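Q: I'm new to reading protein models. Can you take me through one, feature by feature?

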Amino acid sequence: MNTNPIINGTERAIIEDMLDRNREALIATARGLSDIDARRRLVSSLTTPVSLIKHAAAAERIWFQRFWAGLDESECDGYSRRDEGTFAVADDETLEEVIGEFERASQRSRVIASRFDLDATKDNPREGNVSMRWTLLAMIQEFARHAGHGDILREQIDKPIS
């Protein structure tokens with residue numbers, strides 16, 4: 001993880017750095033786990049370390065590829081329907097593959113976001129008229145929340161058996 005946050009600079013540089021730091025924090029909650037531990041169900045929902053990252057990759061595709069870039073689902077680099085199976089990880093997917101998927105989706109999001117001013121807006125059927133600034137901040141919130149979930153799961157996985 002980048003240990004030198006941007007604390008002074010343009011608004012965009014600070015927002016993008018904060019988003020990248022939260023992306024990295026989410027990945028860090030699962031990195032180094034075995035595939036078995038990454039899939040451990042410690043809560044009643046589908047929330048596992050690997051499913052949090054799978055969901056984050058879907059959020060990147062939904063907001064940047066589908067919404068902002070206006071790509072058809074067939075042009076996206078993975079499953080992208082909103083709220084349909086975003087936490088589902090296929091049996092044959094490894095943790096490293098899912099991390100790679102999230103990293104690729106994040107990189108594509110950076111490229112797409114760079115095409116828009118922070119004040120650029122689009123109508124969203126669920127949220128209303130949203131700006132690129134709002135989208136970037138919403139992703140910061142989303143990934144920070146899920147990194148917190150991942151921290152708790154990791155603490156449970158790593159705790160020594162007494």
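A: Accessible areas come from the Shrake-Rupley method with a 1.4 Å probe. This is a predicted model, and the accessible surface of its protein chain comes to about 8,800 Å². Carbon and sulfur atoms hold 51% of that surface.

Q: How many helices and strands does the protein chain have?
A: There are five helices and two strands.

Q: What share of the residues is buried?
A: Buried means under 20% relative accessible area. Here, 43% of the 162 residues of the protein chain count as buried.

Q: Which residues have the most contacts inside the largest nonpolar core?
A: First, the general idea: in soluble globular proteins, nonpolar side chains tend to be buried together. In this model, the largest nonpolar core has 35 residues, and L26, I53, F64, L95, F102, L136 and F143 have the most contacts inside it. Helices α1, α3, α4 and α5 each supply at least two residues of this core. Its largest share, eleven residues, comes from α3.

Q: What is L95 in contact with, leaving aside neighbours within four places in sequence?
A: Contact means heavy atoms within 4.5 Å. By that cut-off, L95 touches A30, L33, D35, A38, V50 and I53.

Conventions
Residues numbered from 1 in each chain as written. Predicted model: local features only at pLDDT ≥ 70, side-chain atom pairs only at ≥ 80, totals over all residues. Heavy atoms only, no water. Helix = DSSP H or I, 4+ residues; strand = E, 2+ residues; numbered from the N terminus. Buried < 20%, exposed > 50% of the residue type's maximum accessible area, 1.4 Å probe, protein only. Core = buried A, V, L, I, M, F, W, Y, C linked by side-chain atoms within 4.5 Å.
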